[in-house]
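Please read them with the sequence and the coordinates open.

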Amino acid sequence: MDLEKQPQQPAAPAQPVGIRASDADRDRIADILREAMAEGRLTADEHAERVDAVYRAKTVGELEPLVQDLPAPGGAARTAAHGVHGHESPRGPADNLVAIFSSSTRKGRWRVGSRTNAFALFGSVEVDLTEALFGQRLTVINATSVFGSVEVKVPENISLRGSGTGIFGNFEVATLESADPEAPVVVVNGYSVFGSVEAKPKRGKFIADLQDRLRKYLG
């Protein structure tokens with residue numbers, strides 16, 4: 001009887017799911033989720049929930065279930081078709097803006113990555129995209145404010161979406177939908193605790209090349 005039970009003991013096949021996830025593994029899953037949202041397969045809320053789980057995942061086994069009901073992302077040609085300037089979404093680590101009893105600002109002419117993490121603890125973070133260069137269509141900003149503030153400013157002619165929670169605080173995203181289907185999409189997700197997260201367009205700020213394309217498209 002004991003001899004019959006013993007062959008079922010080996011647990012070797014379960015080992016691979018315990019492999020620690022790398023930044024590249026998380027970025028691969030995040031790219032699939034970004035593509036799925038851009039295609040309308042995921043809502044903003046579903047995307048936010050899964051992206052949050054991606055960056056909390058410790059192992060590869062925790063990542064794969066997040067995309068098991070989604071198709072693999074398209075090849076280079078398809079990605080380029082979705083890109084604002086005809087380039088693939090950038091890979092690599094996220095941009096991190098952290099303010100702890102201080103302030104952190106990113107503005108001016110800078111190339112926006114596919115994702116940015118903004119964290120304020122008794123401090124303030126400003127992410128100004130009004131003069132930024134978008135290298136991909138979808139940009140995700142994960143904003144967290146604890147007794148602080150995170151402010152995101154965008155041009156008036158892009159799409160702005162987001163979802164989050166304010167716990168004894170404020171989380172506000174002024175939703176925008178661009179008339180141009182190829183315009184950049186900025187998604188702001190996160191939460192605030194005794195603080196504020198605010199994302200809105202900056203009046204009078206536009207992406208110049210987007211205006212040119214709109215003129216051609218309309219007339």
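The points below go from the overall fold to the sheet, the salt bridges, the surface and one glycine.

1. Basis. This is a predicted model, in which local features need pLDDT of at least 70 and side-chain atom pairs count only at pLDDT 80 or more, while totals for chains, interfaces and linings use all residues. Residues are numbered from 1 along each chain as its sequence is written, and side-chain values use heavy atoms, with hydrogens and water left out.

2. Overall content. The protein has six helices and 12 strands; these are DSSP runs numbered from the N terminus (helices H or I, at least four residues; strands E, at least two). Of its 219 residues, 41% count as buried (buried is under 20% relative accessible area, exposed over 50%, partly exposed in between; 1.4 Å probe, protein chains only). Among contacts with a separation of 6 or more, 68% come from residues 24 or more positions apart (contact means heavy atoms within 4.5 Å).

3. The parallel sheet. Five strands form an open sheet with parallel pairing, in the order β2-β5-β8-β12-β10. Its edge strands, β2 (103–106) and β10 (170–173), each pair on one side only (two strands pair if DSSP finds at least two bridges between them). Neighbouring strands are turned by 10° against each other on average, direction ignored (axes are lines fitted to C-alpha atoms, for helices over the stretch in contact; angles run from 0 to 180 degrees between N-to-C directions).

4. Strand β12. Residues 196–201 make up β12, which pairs with β8 in the parallel sense over six bridges; Val154 has Pro201 as its bridge partner there. The parallel pairing of β10 with β12 runs over four bridges, and Ala199 in β12 is the bridge partner of Val173.

5. In one of them, Glu126 joins Lys153, with the closest N and O atoms 3.2 Å apart. Glu126 is in strand β5 (residues 124–128) and Lys153 in strand β8, so this pair ties together parts 27 residues apart in sequence. Glu126 is buried at 18% relative accessibility, and Lys153 is buried at 17%. Asp128 forms a salt bridge with Lys202, where the closest N and O atoms are 3.9 Å apart. Asp128 lies in strand β5 and Lys202 in the loop between β12 and α6 (208–218), so the pair ties together parts 74 residues apart in sequence. Asp128 is buried at 5% relative accessibility, whereas Lys202 is partly exposed at 30%.

6. Asp69 pairs with Arg50, the closest N and O atoms being 2.9 Å apart. Asp69 is in the loop between α4 (60–63) and α5 (76–82), and Arg50, 19 residues apart from it, is in helix α3 (residues 44–56). Arg50 is buried, with a relative accessible area of 18%.

7. Surface. The protein exposes about 11900 Å², with 53% supplied by carbon and sulfur atoms (Shrake-Rupley method, 1.4 Å probe; for residues, only the protein chains shown count as cover). A nonpolar surface patch of about 850 Å² includes Phe101, Phe122, Phe147 and Phe194 (patches use residues with over 30% relative accessible area and no salt bridge; like charges are joined within 9 Å, nonpolar side chains, namely Val, Leu, Ile, Met, Phe, Trp and Tyr, within 5 Å). Phe147 is in the loop between β7 (138–146) and β8 (149–154) and is partly exposed at 40%.

8. Gly166. This residue lies in strand β9 (residues 159–167) and is partly exposed at 37% relative accessibility. Leaving aside neighbours within four places in sequence, Gly166 contacts Phe171 and Ser192. Gly166 and Gly195 are 29 residues apart in sequence, with a C-alpha to C-alpha distance of 7.8 Å.

Terms used: Salt bridge = Lys/Arg side-chain N within 4 Å of Asp/Glu carboxyl O.
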